[in-house]
Amino acid sequence: RANESSANNKSNFRIYSHNVNGLRDETKLEYIPRFMKENNIDAYLIQETHLAGDFEKILLLDHYFIHHGPEHQQANGAKGGVAIILSPDLALQWRTSGSAKKITRGGPSIGNTTGALSSPKRRLQ
């Protein structure tokens, strides 16, 4: 939500958009946080994840993955699914804003991740 203090903030905000044509290959999710860090990208917008369910989780380098997709996906010919990966700075803002949810339907095993947010072993800092 825009307010006077955010309107006066002149810092740059970098966004990258990518049709990944599926995130079932774990190397893509391992690559994206590194790419974001190297290129100072704040938010990575993803289309066509081909993953099922709505969930949020923490990825490599403390990047935050927010996914929305259909309830079920076919093994062959999967379609749809969108996601946003936030940089650690934006992830902290997201978590402290009260908007982050602990949704774990679908996708708990994608990429080299630290686990779904509702895992009792993983606590948000």
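The questions below ask how terms are applied to this predicted model.

This is a predicted model, in which local features need pLDDT of at least 70 and side-chain atom pairs count only at pLDDT 80 or more, while totals for chains, interfaces and linings use all residues. Residues are numbered from 1 along each chain as its sequence is written, and side-chain values use heavy atoms, with hydrogens and water left out.

Q: What makes up the pattern of the protein, read along the sequence?
A: The pattern is α-β-α-β-β-β-β-α, with 3 helices and 5 strands in the protein. Helices (H or I, at least four residues) and strands (E, at least two) are DSSP runs, numbered from the N terminus.

Q: Why are β1 and β3 called edge strands?
A: Two strands pair if DSSP finds at least two bridges between them. The 5 strands form an open sheet in the order β1-β2-β5-β4-β3, with mixed pairing. Strands β1 (15–19) and β3 (55–58) each pair on one side only, and these are the edge strands. Neighbouring strands of this sheet are turned by 15° against each other on average, direction ignored.

Q: How do you know that strand β4 and strand β5 pair?
A: Residues 64–68 of β4 and residues 82–86 of β5 are joined over 5 bridges, in the antiparallel sense. The cut-off is at least two bridges, so the two strands count as paired. Tyrosine 64 has leucine 86 in β5 as its bridge partner.

Q: What does helix α2 touch on the sheet?
A: Helix α2 (residues 26–38) packs on the sheet and touches β1, β2 (43–47), β4 and β5. Contact means heavy atoms within 4.5 Å. The direction of α2 makes about 145° with that of β2; axes are lines fitted to C-alpha atoms, for helices over the stretch in contact, and angles run from 0 to 180 degrees between N-to-C directions.

Q: Why is the pair of tyrosine 16 and phenylalanine 35 called edge-to-face?
A: Rings of Phe, Tyr and Trp (its six-membered ring) pair if their centres lie within 6.5 Å; planes under 30 degrees apart count as stacked, over 60 as edge-to-face and the rest as tilted. The two ring centres are 5.1 Å apart and the planes are at 65°, so the pair is edge-to-face. The pair links distant parts of the chain, with tyrosine 16 in strand β1 and phenylalanine 35 in helix α2, 19 residues apart. The structure holds 5 aromatic pairs, and ring pairs link Tyr16, Tyr31, Phe35 and Tyr44 into a cluster.

Q: Is tyrosine 44 buried or exposed?
A: Buried means under 20% relative accessible area, exposed over 50%, and partly exposed in between (1.4 Å probe, protein chains only). Tyrosine 44, in strand β2, has 1% relative accessibility and therefore counts as buried. Among the residues that tyrosine 44 touches, not counting those up to four places away in sequence, are His18, Ile32, Met36 and Ile84.

Q: What makes a set of residues a nonpolar core?
A: The set consists of buried Ala, Val, Leu, Ile, Met, Phe, Trp, Tyr and Cys residues joined through side-chain atoms within 4.5 Å. The largest such core has 15 residues, of which Leu23, Tyr44, Ile46, Phe65 and Ile85 touch the most other members. Its largest share, 4 residues, comes from α2. A second, separate core of 7 residues includes Ala43, Tyr64, Leu86 and Leu90.

Q: Which loop holds asparagine 40, and why is asparagine 40 called exposed?
A: Asparagine 40 lies in the loop between α2 and β2. Its relative accessible area is 56%, so asparagine 40 is exposed. Phi of asparagine 40 is near 50°, a positive value in a residue other than glycine.

Q: Is histidine 50 buried or exposed?
A: The relative accessible area of histidine 50 is 13%, so this residue is buried. Histidine 50 is found in the loop between β2 and β3, and its phi is near 65°, a positive value in a residue other than glycine.
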